[in-house]
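This briefing goes through one protein model, topic by topic. Keep the structure open while reading.

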2 protein chains.
Amino acid sequence: MSLQFWFDFASTYSYPAAMRIDAVAQARQVEIEWNGFLLGPIFKNQGWDDSPFNIYPAKGRYMWRDLERLCEVHEIPFNRPSVFPRNSVLAARIASRFSNAPWLVEFVKAVYRANFVDDLNIADGSVIAQCLRSVGMDAATAIAAATDRGAKALFRAQIDRAVQQGIFGAPSFISHGELFWGNDRLEQAVQWHARGLQQS
Amino acid sequence: MSLQFWFDFASTYSYPAAMRIDAVAQARQVEIEWNGFLLGPIFKNQGWDDSPFNIYPAKGRYMWRDLERLCEVHEIPFNRPSVFPRNSVLAARIASRFSNAPWLVEFVKAVYRANFVDDLNIADGSVIAQCLRSVGMDAATAIAAATDRGAKALFRAQIDRAVQQGIFGAPSFISHGELFWGNDRLEQAVQWHARGLQQS
């Protein structure tokens, strides 16, 4: 059984988690289940129509500085996006539809780099198409497959699954019903999961 | 110059930070300025009349479990208080009025233990009196000194100072204008401050 990793392409702290999780997990022989989803519907249920980092300015100012420091510590390139949060639904639908594809992880990282390094608009189909091509995929085919009725239903079910498991933010990690929230909990979540594997 | 440590006696994550900061700081020869304050007025400015952990139930459920796991990792005793958050204004006024007293740190820890280990009501003057006596103080004298007009004005100015420095939650740490938020940032804040001391 894999450790569940839940990320939103618009979420600032999901970015360093997505860039770091492979190395942290491999060191403990933990496999990752990559689950793209959307915070929007979850925030809406909490009465927010925007990122809490925009709603609460002091918290937002702090977050950008904290993220900058974090990326420096982990040697992850970072440039503050000129628009935040960017609409991440197309990218998330592709991640959901192709969750088991061998190119998925590289696609996820390409989208994060587009948003948080190159300041590109990931809501734009042509930016996502470029990310797909960068991992060797035919963009039009993949986008069509990820946006048909079946894929949309699958994606809605994916968000419901997040909520049902108690997820309220991103990134989140779930190991055997145990929830961990935030890039700060990545190491603890992987450690918890590895311990569970040893015991089973 | 000392590293500023800002804590609220009602704040869950302030508890492990208060219990851990001495050891972490001493290892790097960093001195701590202990600043008791209140989150209530800051949350009120953000439109909240309760703890966000009560307003957002999924976040609250997670917080209690996360705190339990954290305290286990750090070997800090913890019992979930039957009331949360408890009114911490009397304890915070004492911490503000006697911020430089040699018994202050032990008093702070006694109040945290009362709230998060012994499930005592720290809003109750008799509980705070017991905490004062446990550090060798005459309770009536200390409480009177911490609640006169001058002390109340001093305390209000203390909360204003927190807001002016960009503080929006607790625990917080400030080193040379650099803000760090959360028990998770304790080590980074101390390290940052130690580096600043070396360079100056």
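**The sheet of chain A**

In this predicted model, chain A has an open sheet of four strands in the order β2-β1-β3-β4, with mixed pairing. Its edge strands are β2 and β4 (178–181) of chain A, each of which pairs on one side only. On average, neighbouring strands of this sheet are turned by 20° against each other, direction ignored. As background, strands of a sheet pair through backbone hydrogen bonds, either parallel or antiparallel.

**Pairing and packing in chain A**

- Strand β1 (residues 3–7) of chain A pairs with β2(A) in the parallel sense, over five bridges.
- Within that pair, Phe5(A) has Trp34(A) in β2(A) as its bridge partner.
- From β1(A) the chain crosses through helix α1 (residues 14–27) of chain A to β2(A), and this β-α-β crossover is right-handed.
- β1(A) also pairs with strand β3 (residues 172–175) of chain A, in the antiparallel sense and over three bridges.
- Here the bridge partner of Gln4(A) is Ile174(A) in β3(A).
- Helix α10 (residues 186–199) of chain A packs on the sheet and touches β1, β3 and β4 of chain A. The direction of α10(A) makes about 10° with that of β3(A).

**A covered helix and a partly exposed residue**

- Helix α5 (residues 89–97) of chain A is mostly covered, with eight of its nine residues buried.
- Among the buried residues of α5(A) are Leu90(A), Ala91(A), Arg93(A) and Ile94(A).
- The buried residues of α5(A) pack against β2 (32–36), α6, α7 (125–134), α8 (139–146) and α9 (149–164) of chain A.
- Arg65(A) has its place in helix α4 (residues 57–73) of chain A.
- Why does Arg65(A) count as partly exposed? It has 15 other C-beta atoms within 10 Å, and a residue is called buried at 20 or more and exposed at 12 or fewer.
- Arg65(A) and Val108(A) are 43 residues apart along the chain, and their C-alpha atoms are separated by 24 Å.

**Nonpolar cores**

- The largest nonpolar core has 55 residues, of which Ala91(A) and Val111(A) touch the most other members.
- Helix α6 (residues 104–116) of chain A gives the most to this core, with seven residues.
- Leaving out residues up to four places away in sequence, Ala91(A) touches Phe9(A), Val111(A), Ile122(A) and Ile128(A).
- A second, separate core has 53 residues, including Ala10(B), Ala142(B), Trp181(B) and Ala189(B).

**The sheet of chain B**

- Chain B has an open sheet of four strands in the order β2-β1-β3-β4, with mixed pairing.
- The edge strands are β2 (32–36) and β4 of chain B, and each pairs on one side only.
- The twist from one strand to the next averages 20°.
- Strand β1 (residues 3–7) of chain B and β2(B) pair in the parallel sense over five bridges.
- Gln4(B) stands opposite Glu33(B) in β2(B).
- Helix α1 (residues 14–27) of chain B packs on the sheet, where it touches β1 and β2 of chain B. Its direction makes about 160° with that of β1(B).

**Where the two chains touch**

- Eleven residues from chain B and eleven residues from chain A take part in the contact.
- On the side of chain B that touches chain A, α4 (57–73) and β4 (178–181) of chain B each supply at least two residues.
- α4(B) gives the most to that side, with four residues.
- The residues of that side divide into six nonpolar, two polar and three charged.

Terms used. Residues are numbered from 1 along each chain as its sequence is written. Chains are lettered from A and ligands numbered from 1 in the order in which they are written. This is a predicted model: local features need pLDDT of at least 70, side-chain atom pairs count only at pLDDT 80 or more; totals for chains, interfaces and linings use all residues. A nonpolar core is a set of buried Ala, Val, Leu, Ile, Met, Phe, Trp, Tyr and Cys residues joined through C-beta atoms within 7 Å. Two residues are in contact if their C-beta atoms, placed from the backbone, lie within 7 Å. Ala, Val, Leu, Ile, Met, Phe, Trp, Tyr, Cys and Pro count as nonpolar, Asp, Glu, Lys and Arg as charged, and the others, Gly among them, as polar. Two strands pair if DSSP finds at least two bridges between them. Axes are lines fitted to C-alpha atoms, for helices over the stretch in contact, and angles run from 0 to 180 degrees between N-to-C directions. A crossover is right-handed if, with the strands pointing away from the viewer, the path from the first strand over the helix to the second runs clockwise.
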